[in-house]
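Thanks for coming. I will go through one model this morning, helix packing to begin with and then the rest.

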Amino acid sequence: IPIKQIKIRKLNMRLKNPFTTSFGTMQDRAFFITEAEDEEGNHGFGESVAFISPWYSEETVETNAHVMEDFLIPILKENKLTHPDDVSALFTPIKRHNMAKSALEGAIWDLYAKQKNISLAEALGGKKTEIDVGISIGIQPTVQDLLNTVDHYVQEGYKRIKIKIKPGWDVDVLRAVREQFPDTPIMADANSAYTLKDIPHLQQLDDLDLMMIEQPLAHDDIVDHAKLQAAMKTPICLDESIHSLEDTRKAIQLGSCKIINIKIGRVGGLTEAKRIHDYCLKHDIAVWCGGMLEAGVGRAHNIALTTLSGFTLPGDTAGSSRYWEKDIITPEVKVESGKIHVPSKPGIGYAIDRQVLDAFTVEEKVFHF
Ligand code: OSB
Ligand code: MG
(Lines give C-alpha, C1' and ligand atoms only; values in the text may rest on other atoms or scores of the structure.)
(Ligands and ions follow the chains in the order given, each with its own letter.)
Protein backbone atom coordinates (compact mmCIF):
# COMPACT_ATOMS: atom_id res chain seq x y z
CA ILE A 1 0.00 0.00 0.00
CA PRO A 2 2.00 3.00 -1.23
CA ILE A 3 1.54 6.07 1.00
CA LYS A 4 2.79 9.55 0.17
CA GLN A 5 1.62 11.35 3.29
CA ILE A 6 -0.70 11.22 6.26
CA LYS A 7 -2.56 14.30 7.39
CA ILE A 8 -4.26 14.56 10.74
CA ARG A 9 -6.84 17.26 11.36
CA LYS A 10 -8.43 18.15 14.63
CA LEU A 11 -12.09 19.10 14.31
CA ASN A 12 -14.37 20.80 16.77
CA MET A 13 -18.04 20.00 16.25
CA ARG A 14 -21.10 20.30 18.40
CA LEU A 15 -23.91 17.77 18.69
CA LYS A 16 -27.41 19.09 17.99
CA ASN A 17 -28.46 17.90 21.44
CA PRO A 18 -26.56 17.01 24.61
CA PHE A 19 -26.11 13.26 25.11
CA THR A 20 -26.27 12.02 28.71
CA THR A 21 -25.03 8.66 29.96
CA SER A 22 -24.39 7.35 33.47
CA PHE A 23 -20.90 8.87 33.26
CA GLY A 24 -21.85 12.40 32.19
CA THR A 25 -23.20 14.72 29.51
CA MET A 26 -21.49 15.46 26.20
CA GLN A 27 -22.28 18.02 23.54
CA ASP A 28 -19.00 19.44 22.29
CA ARG A 29 -17.26 16.84 20.18
CA ALA A 30 -13.59 17.17 19.22
CA PHE A 31 -11.86 14.44 17.23
CA PHE A 32 -9.27 13.75 14.57
CA ILE A 33 -9.89 13.01 10.94
CA THR A 34 -6.92 11.15 9.48
CA GLU A 35 -6.18 11.19 5.76
CA ALA A 36 -3.72 8.85 4.04
CA GLU A 37 -2.81 9.85 0.49
CA ASP A 38 -0.91 8.06 -2.29
CA GLU A 39 0.83 9.37 -5.43
CA GLU A 40 -2.18 8.47 -7.60
CA GLY A 41 -4.50 10.90 -5.84
CA ASN A 42 -6.33 8.33 -3.71
CA HIS A 43 -7.35 9.60 -0.26
CA GLY A 44 -8.23 7.27 2.62
CA PHE A 45 -10.02 8.61 5.68
CA GLY A 46 -10.23 7.56 9.31
CA GLU A 47 -11.77 9.08 12.43
CA SER A 48 -10.65 8.90 16.05
CA VAL A 49 -13.57 8.28 18.38
CA ALA A 50 -12.02 9.27 21.72
CA PHE A 51 -13.89 11.92 23.67
CA ILE A 52 -12.54 15.14 25.18
CA SER A 53 -12.61 13.63 28.69
CA PRO A 54 -11.60 10.10 29.74
CA TRP A 55 -15.06 9.14 31.00
CA TYR A 56 -15.84 6.24 28.71
CA SER A 57 -12.27 4.96 28.56
CA GLU A 58 -8.81 6.28 29.37
CA GLU A 59 -8.20 7.74 25.91
CA THR A 60 -8.83 11.39 25.08
CA VAL A 61 -8.50 13.60 22.01
CA GLU A 62 -5.16 14.80 23.34
CA THR A 63 -3.77 11.31 24.07
CA ASN A 64 -4.77 10.40 20.50
CA ALA A 65 -2.68 13.31 19.19
CA HIS A 66 0.35 12.37 21.28
CA VAL A 67 0.27 8.68 20.46
CA MET A 68 -0.43 9.11 16.74
CA GLU A 69 2.28 11.73 16.22
CA ASP A 70 5.00 10.39 18.47
CA PHE A 71 4.58 6.62 18.12
CA LEU A 72 2.15 5.32 15.52
CA ILE A 73 2.88 7.51 12.50
CA PRO A 74 6.66 6.89 12.87
CA ILE A 75 5.94 3.13 12.81
CA LEU A 76 3.94 3.53 9.59
CA LYS A 77 6.73 5.62 8.05
CA GLU A 78 9.34 2.97 8.80
CA ASN A 79 7.42 -0.03 7.46
CA LYS A 80 6.00 -1.09 4.12
CA LEU A 81 2.42 -2.35 4.17
CA THR A 82 1.17 -5.05 1.85
CA HIS A 83 -2.30 -5.31 3.43
CA PRO A 84 -4.22 -3.19 6.00
CA ASP A 85 -4.06 -6.18 8.38
CA ASP A 86 -0.32 -5.45 8.71
CA VAL A 87 -1.10 -2.26 10.62
CA SER A 88 -2.49 -3.95 13.73
CA ALA A 89 0.56 -6.26 13.87
CA LEU A 90 2.94 -3.29 13.55
CA PHE A 91 1.09 -1.40 16.30
CA THR A 92 1.15 -4.33 18.76
CA PRO A 93 4.28 -3.12 20.65
CA ILE A 94 2.35 0.03 21.61
CA LYS A 95 0.07 -0.91 24.50
CA ARG A 96 -3.62 -0.01 24.23
CA HIS A 97 -4.38 3.47 22.80
CA ASN A 98 -6.77 1.55 20.58
CA MET A 99 -8.70 4.60 19.36
CA ALA A 100 -5.49 6.27 18.19
CA LYS A 101 -4.48 3.06 16.40
CA SER A 102 -7.90 2.69 14.84
CA ALA A 103 -7.95 6.26 13.51
CA LEU A 104 -4.82 5.57 11.45
CA GLU A 105 -5.65 1.99 10.51
CA GLY A 106 -9.06 3.17 9.25
CA ALA A 107 -7.49 5.66 6.84
CA ILE A 108 -5.25 2.89 5.51
CA TRP A 109 -8.17 0.48 5.06
CA ASP A 110 -10.04 3.15 3.11
CA LEU A 111 -6.96 3.99 1.01
CA TYR A 112 -6.38 0.28 0.31
CA ALA A 113 -9.98 -0.23 -0.84
CA LYS A 114 -9.76 2.84 -3.08
CA GLN A 115 -6.46 1.62 -4.57
CA LYS A 116 -8.19 -1.71 -5.33
CA ASN A 117 -11.28 0.13 -6.59
CA ILE A 118 -13.60 -1.82 -4.27
CA SER A 119 -15.86 -0.74 -1.43
CA LEU A 120 -14.56 -0.94 2.13
CA ALA A 121 -17.38 -3.40 2.87
CA GLU A 122 -16.11 -5.66 0.09
CA ALA A 123 -12.50 -5.27 1.24
CA LEU A 124 -13.60 -6.50 4.67
CA GLY A 125 -15.55 -9.41 3.20
CA GLY A 126 -19.00 -7.97 3.92
CA LYS A 127 -21.91 -9.02 1.74
CA LYS A 128 -24.97 -7.13 2.98
CA THR A 129 -26.26 -4.33 0.77
CA GLU A 130 -28.34 -2.83 3.55
CA ILE A 131 -28.02 -2.95 7.30
CA ASP A 132 -30.50 -2.71 10.17
CA VAL A 133 -29.95 0.05 12.69
CA GLY A 134 -31.25 1.00 16.07
CA ILE A 135 -30.78 4.15 18.08
CA SER A 136 -29.31 4.97 21.49
CA ILE A 137 -31.27 7.42 23.61
CA GLY A 138 -29.50 9.32 26.37
CA ILE A 139 -30.84 9.93 29.87
CA GLN A 140 -33.71 12.45 29.62
CA PRO A 141 -34.92 15.12 32.07
CA THR A 142 -38.24 13.30 32.66
CA VAL A 143 -39.86 9.96 31.88
CA GLN A 144 -42.37 11.80 29.68
CA ASP A 145 -39.49 13.28 27.64
CA LEU A 146 -38.10 9.77 27.21
CA LEU A 147 -41.45 8.35 26.11
CA ASN A 148 -41.82 11.15 23.56
CA THR A 149 -38.31 10.57 22.26
CA VAL A 150 -38.80 6.81 22.00
CA ASP A 151 -42.07 7.39 20.17
CA HIS A 152 -40.35 9.72 17.71
CA TYR A 153 -37.66 7.18 16.80
CA VAL A 154 -40.09 4.25 16.69
CA GLN A 155 -42.13 6.30 14.19
CA GLU A 156 -38.94 6.89 12.18
CA GLY A 157 -38.57 3.11 11.92
CA TYR A 158 -35.45 2.38 14.01
CA LYS A 159 -35.22 -1.38 14.55
CA ARG A 160 -34.49 -1.26 18.26
CA ILE A 161 -34.33 1.35 20.94
CA LYS A 162 -31.45 1.49 23.40
CA ILE A 163 -32.10 3.37 26.61
CA LYS A 164 -29.30 4.67 28.78
CA ILE A 165 -29.77 3.80 32.44
CA LYS A 166 -28.12 4.62 35.76
CA PRO A 167 -29.07 4.06 39.41
CA GLY A 168 -32.29 6.03 39.95
CA TRP A 169 -33.14 5.96 36.21
CA ASP A 170 -33.61 2.30 35.45
CA VAL A 171 -36.29 -0.25 36.37
CA ASP A 172 -39.26 2.13 36.68
CA VAL A 173 -38.25 4.05 33.59
CA LEU A 174 -37.83 0.91 31.49
CA ARG A 175 -41.12 -0.44 32.79
CA ALA A 176 -42.88 2.76 31.65
CA VAL A 177 -41.30 2.41 28.20
CA ARG A 178 -42.24 -1.27 27.99
CA GLU A 179 -45.85 -0.51 28.96
CA GLN A 180 -46.24 2.10 26.23
CA PHE A 181 -44.27 0.07 23.62
CA PRO A 182 -45.16 -3.58 24.27
CA ASP A 183 -43.73 -4.88 20.96
CA THR A 184 -40.71 -2.68 20.40
CA PRO A 185 -37.26 -4.28 20.70
CA ILE A 186 -35.78 -2.47 23.70
CA MET A 187 -32.41 -2.75 25.43
CA ALA A 188 -30.60 -0.85 28.20
CA ASP A 189 -27.03 0.44 28.50
CA ALA A 190 -25.65 1.21 31.97
CA ASN A 191 -22.12 2.26 30.99
CA SER A 192 -20.72 0.44 34.03
CA ALA A 193 -22.89 2.15 36.67
CA TYR A 194 -23.66 -0.89 38.88
CA THR A 195 -21.94 -3.42 41.14
CA LEU A 196 -22.79 -6.94 42.29
CA LYS A 197 -24.66 -5.40 45.25
CA ASP A 198 -27.29 -4.42 42.69
CA ILE A 199 -28.08 -8.01 41.61
CA PRO A 200 -31.55 -8.09 43.23
CA HIS A 201 -32.38 -4.72 41.73
CA LEU A 202 -31.15 -5.66 38.25
CA GLN A 203 -33.03 -8.96 38.37
CA GLN A 204 -36.25 -6.95 38.10
CA LEU A 205 -35.26 -6.20 34.51
CA ASP A 206 -35.86 -9.85 33.66
CA ASP A 207 -39.62 -9.18 33.53
CA LEU A 208 -39.32 -6.50 30.85
CA ASP A 209 -38.34 -8.64 27.87
CA LEU A 210 -35.20 -6.62 27.08
CA MET A 211 -33.01 -7.75 24.21
CA MET A 212 -30.00 -7.27 26.48
CA ILE A 213 -28.41 -5.12 29.15
CA GLU A 214 -25.14 -3.54 28.04
CA GLN A 215 -22.15 -3.11 30.37
CA PRO A 216 -23.96 -3.12 33.73
CA LEU A 217 -20.77 -3.54 35.81
CA ALA A 218 -17.28 -2.02 35.91
CA HIS A 219 -15.56 -0.93 32.70
CA ASP A 220 -12.63 -3.26 33.38
CA ASP A 221 -14.52 -6.29 34.66
CA ILE A 222 -15.26 -9.66 33.13
CA VAL A 223 -15.40 -11.74 36.33
CA ASP A 224 -18.35 -10.11 38.11
CA HIS A 225 -20.29 -9.95 34.85
CA ALA A 226 -20.16 -13.76 34.75
CA LYS A 227 -21.76 -13.86 38.20
CA LEU A 228 -24.41 -11.40 37.17
CA GLN A 229 -25.15 -13.27 33.93
CA ALA A 230 -25.64 -16.47 35.91
CA ALA A 231 -28.17 -14.62 38.08
CA MET A 232 -30.14 -13.04 35.21
CA LYS A 233 -32.17 -14.25 32.25
CA THR A 234 -31.64 -11.02 30.29
CA PRO A 235 -28.57 -11.42 28.08
CA ILE A 236 -25.58 -9.32 29.12
CA CYS A 237 -23.76 -7.47 26.37
CA LEU A 238 -20.21 -6.22 26.95
CA ASP A 239 -18.96 -2.90 25.59
CA GLU A 240 -16.27 -1.16 27.71
CA SER A 241 -14.73 -4.44 28.94
CA ILE A 242 -13.74 -5.76 25.51
CA HIS A 243 -10.60 -4.32 23.87
CA SER A 244 -9.37 -7.27 21.85
CA LEU A 245 -9.96 -10.78 20.59
CA GLU A 246 -8.18 -12.02 23.72
CA ASP A 247 -10.66 -10.18 25.97
CA THR A 248 -13.45 -11.67 23.87
CA ARG A 249 -12.13 -15.20 24.25
CA LYS A 250 -11.84 -14.82 28.03
CA ALA A 251 -15.26 -13.24 28.47
CA ILE A 252 -16.93 -16.00 26.46
CA GLN A 253 -14.99 -18.68 28.34
CA LEU A 254 -16.11 -17.22 31.68
CA GLY A 255 -19.73 -16.78 30.59
CA SER A 256 -19.55 -13.03 31.18
CA CYS A 257 -21.86 -12.16 28.28
CA LYS A 258 -24.03 -13.57 25.54
CA ILE A 259 -23.63 -10.62 23.19
CA ILE A 260 -20.75 -8.30 22.27
CA ASN A 261 -20.94 -4.70 21.13
CA ILE A 262 -18.03 -4.27 18.71
CA LYS A 263 -16.72 -0.73 18.41
CA ILE A 264 -13.93 -0.33 15.89
CA GLY A 265 -12.11 2.32 17.93
CA ARG A 266 -12.35 0.47 21.22
CA VAL A 267 -10.73 -2.67 19.80
CA GLY A 268 -7.96 -0.90 17.86
CA GLY A 269 -9.32 -1.01 14.33
CA LEU A 270 -11.16 -2.90 11.64
CA THR A 271 -8.75 -5.84 11.55
CA GLU A 272 -9.29 -6.65 15.24
CA ALA A 273 -13.02 -5.93 14.93
CA LYS A 274 -13.22 -8.48 12.11
CA ARG A 275 -11.28 -11.04 14.18
CA ILE A 276 -13.68 -10.61 17.08
CA HIS A 277 -16.62 -10.92 14.71
CA ASP A 278 -15.22 -14.16 13.23
CA TYR A 279 -14.56 -15.64 16.66
CA CYS A 280 -18.03 -14.75 17.98
CA LEU A 281 -19.68 -16.21 14.88
CA LYS A 282 -17.86 -19.48 15.53
CA HIS A 283 -18.84 -19.47 19.20
CA ASP A 284 -22.51 -18.56 18.76
CA ILE A 285 -22.15 -15.15 20.38
CA ALA A 286 -24.25 -12.45 18.72
CA VAL A 287 -22.52 -9.19 17.83
CA TRP A 288 -23.58 -5.72 16.77
CA CYS A 289 -21.74 -2.53 15.91
CA GLY A 290 -21.73 0.15 18.60
CA GLY A 291 -21.42 3.89 18.13
CA MET A 292 -19.34 6.72 19.57
CA LEU A 293 -21.32 9.76 18.40
CA GLU A 294 -19.22 9.73 15.25
CA ALA A 295 -19.09 12.15 12.38
CA GLY A 296 -19.57 10.83 8.87
CA VAL A 297 -16.23 9.12 8.39
CA GLY A 298 -16.57 7.01 11.53
CA ARG A 299 -20.18 6.32 10.65
CA ALA A 300 -19.12 5.07 7.18
CA HIS A 301 -16.58 2.70 8.74
CA ASN A 302 -19.28 1.33 11.07
CA ILE A 303 -21.59 0.73 8.12
CA ALA A 304 -18.90 -1.17 6.20
CA LEU A 305 -18.08 -3.36 9.22
CA THR A 306 -21.76 -4.12 9.83
CA THR A 307 -22.03 -5.74 6.37
CA LEU A 308 -20.21 -8.81 7.80
CA SER A 309 -22.67 -11.65 8.25
CA GLY A 310 -22.24 -12.07 12.02
CA PHE A 311 -23.65 -8.59 12.70
CA THR A 312 -27.14 -9.97 13.20
CA LEU A 313 -28.43 -7.42 15.70
CA PRO A 314 -29.20 -3.76 14.82
CA GLY A 315 -26.33 -1.39 15.63
CA ASP A 316 -26.14 2.14 17.05
CA THR A 317 -25.19 3.87 13.77
CA ALA A 318 -28.12 6.23 13.40
CA GLY A 319 -28.48 8.76 10.59
CA SER A 320 -26.19 11.81 10.39
CA SER A 321 -29.04 14.27 11.01
CA ARG A 322 -29.70 12.73 14.42
CA TYR A 323 -26.34 14.14 15.60
CA TRP A 324 -25.28 17.00 13.33
CA GLU A 325 -26.67 20.10 11.67
CA LYS A 326 -24.21 19.38 8.88
CA ASP A 327 -22.08 16.24 8.60
CA ILE A 328 -18.65 16.15 6.94
CA ILE A 329 -19.65 13.59 4.31
CA THR A 330 -21.87 13.82 1.25
CA PRO A 331 -24.36 12.38 0.92
CA GLU A 332 -25.01 12.20 4.67
CA VAL A 333 -25.93 8.84 6.24
CA LYS A 334 -29.65 8.33 5.78
CA VAL A 335 -31.84 5.87 7.65
CA GLU A 336 -35.07 4.73 6.03
CA SER A 337 -37.40 2.27 7.76
CA GLY A 338 -34.54 1.45 10.16
CA LYS A 339 -32.16 0.54 7.35
CA ILE A 340 -29.07 2.10 5.82
CA HIS A 341 -28.32 1.34 2.20
CA VAL A 342 -24.63 0.37 2.00
CA PRO A 343 -22.79 2.52 -0.55
CA SER A 344 -21.02 0.59 -3.31
CA LYS A 345 -18.52 3.28 -4.38
CA PRO A 346 -14.83 2.58 -3.64
CA GLY A 347 -13.62 2.81 -0.03
CA ILE A 348 -15.97 4.25 2.58
CA GLY A 349 -18.35 5.09 -0.28
CA TYR A 350 -19.18 8.61 0.87
CA ALA A 351 -17.36 11.71 -0.38
CA ILE A 352 -15.82 14.16 2.06
CA ASP A 353 -17.43 17.58 1.94
CA ARG A 354 -14.15 19.54 1.91
CA GLN A 355 -15.88 22.81 2.66
CA VAL A 356 -17.57 21.45 5.77
CA LEU A 357 -14.39 19.61 6.79
CA ASP A 358 -12.35 22.80 6.52
CA ALA A 359 -14.96 24.79 8.40
CA PHE A 360 -14.70 22.48 11.44
CA THR A 361 -10.91 22.00 11.29
CA VAL A 362 -9.02 23.83 14.03
CA GLU A 363 -5.57 22.31 13.52
CA GLU A 364 -3.80 20.18 10.95
CA LYS A 365 -0.44 18.45 10.58
CA VAL A 366 1.06 16.67 7.60
CA PHE A 367 3.55 13.80 7.85
CA HIS A 368 5.46 13.11 4.63
CA PHE A 369 6.47 9.52 3.96
O1 OSB B 1 -21.85 3.10 25.54
O2 OSB B 1 -22.42 2.82 23.53
C3 OSB B 1 -22.08 3.57 24.44
C4 OSB B 1 -22.27 7.21 23.33
C5 OSB B 1 -21.16 7.71 23.93
C6 OSB B 1 -20.38 6.89 24.70
C7 OSB B 1 -20.71 5.55 24.86
C8 OSB B 1 -21.83 5.03 24.25
C9 OSB B 1 -22.64 5.89 23.48
C10 OSB B 1 -23.87 5.48 22.86
C11 OSB B 1 -24.34 6.24 21.65
O12 OSB B 1 -24.59 4.62 23.29
C13 OSB B 1 -23.94 5.60 20.38
C14 OSB B 1 -24.17 6.50 19.19
O15 OSB B 1 -25.30 6.93 18.98
O16 OSB B 1 -23.19 6.78 18.48
MG1 MG C 1 -22.27 1.08 25.59
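Which residues in H1 meet which residues in H3? On the H1 side they are Thr 63, Asn 64, Val 67, Met 68, Leu 72 and Leu 76, and on the H3 side Met 99, Ala 100, Lys 101, Ala 103 and Leu 104. Contact here requires C-beta atoms, placed from the backbone, to lie within 7 Å. By class this contact has 8 nonpolar, 2 polar and 1 charged residues. Nonpolar covers Ala, Val, Leu, Ile, Met, Phe, Trp, Tyr, Cys and Pro; charged covers Asp, Glu, Lys and Arg; the others, Gly among them, are polar.

Before the next pair, the ground rules. This is a predicted model, in which local features need pLDDT of at least 70 and side-chain atom pairs count only at pLDDT 80 or more, while totals for chains, interfaces and linings use all residues. Residues are numbered from 1 along each chain as its sequence is written, and chains are lettered from A and ligands numbered from 1 in the order in which they are written.

The protein has 13 helices and 15 strands. Those are DSSP runs numbered from the N terminus, helices being H or I with at least four residues and strands E with at least two. Its C-alpha trace spans about 60 × 40 × 35 Å along the principal axes. For 369 residues a compact globule would have a radius of gyration near 21 Å, and the 20 Å of this protein agrees with that. The radius is taken over C-alpha atoms, and the globule rule is 2.2 Å times the number of residues to the power 0.38.

Back to H1, residues 61–78. The axes of H1 and H3 come within 9 Å and cross at roughly 55°. Axes are lines fitted to C-alpha atoms, for helices over the stretch in contact, and angles run from 0 to 180 degrees between N-to-C directions. That angle makes H1 oblique to H3. The cut-offs are under 35 degrees for roughly parallel, over 145 for roughly antiparallel, 65 to 115 for roughly perpendicular, and oblique for the rest. The crossing of H1 and H3 is right-handed, meaning that the near helix is turned clockwise from the far one by less than a right angle, with anticlockwise being left-handed.

Next, H5 (residues 143–156) and H6 (residues 171–180). Their axes come within 10 Å and cross at roughly 40°, so H5 and H6 are oblique to each other. H5 passes H6 in a right-handed crossing. Val 143, Leu 146, Leu 147 and Val 150 of H5 make the contact with Val 173, Ala 176, Val 177 and Gln 180 of H6. That contact divides into 7 nonpolar, 1 polar and no charged residues.

H9 (residues 245–254) and H10 (residues 270–282) pack at about 25°, axes 9 Å apart. They are therefore roughly parallel to each other.

Two backbone points to finish. The peptide bond from Thr 330 to Pro 331 is cis, with omega near -5°, and Pro 331 is found in the loop between strands E12 and E13. His 97 is not a glycine but has a positive phi of about 50°; His 97 lies in the loop between H2 and H3.

Definitions and conventions. Two residues are in contact if their C-beta atoms, placed from the backbone, lie within 7 Å.
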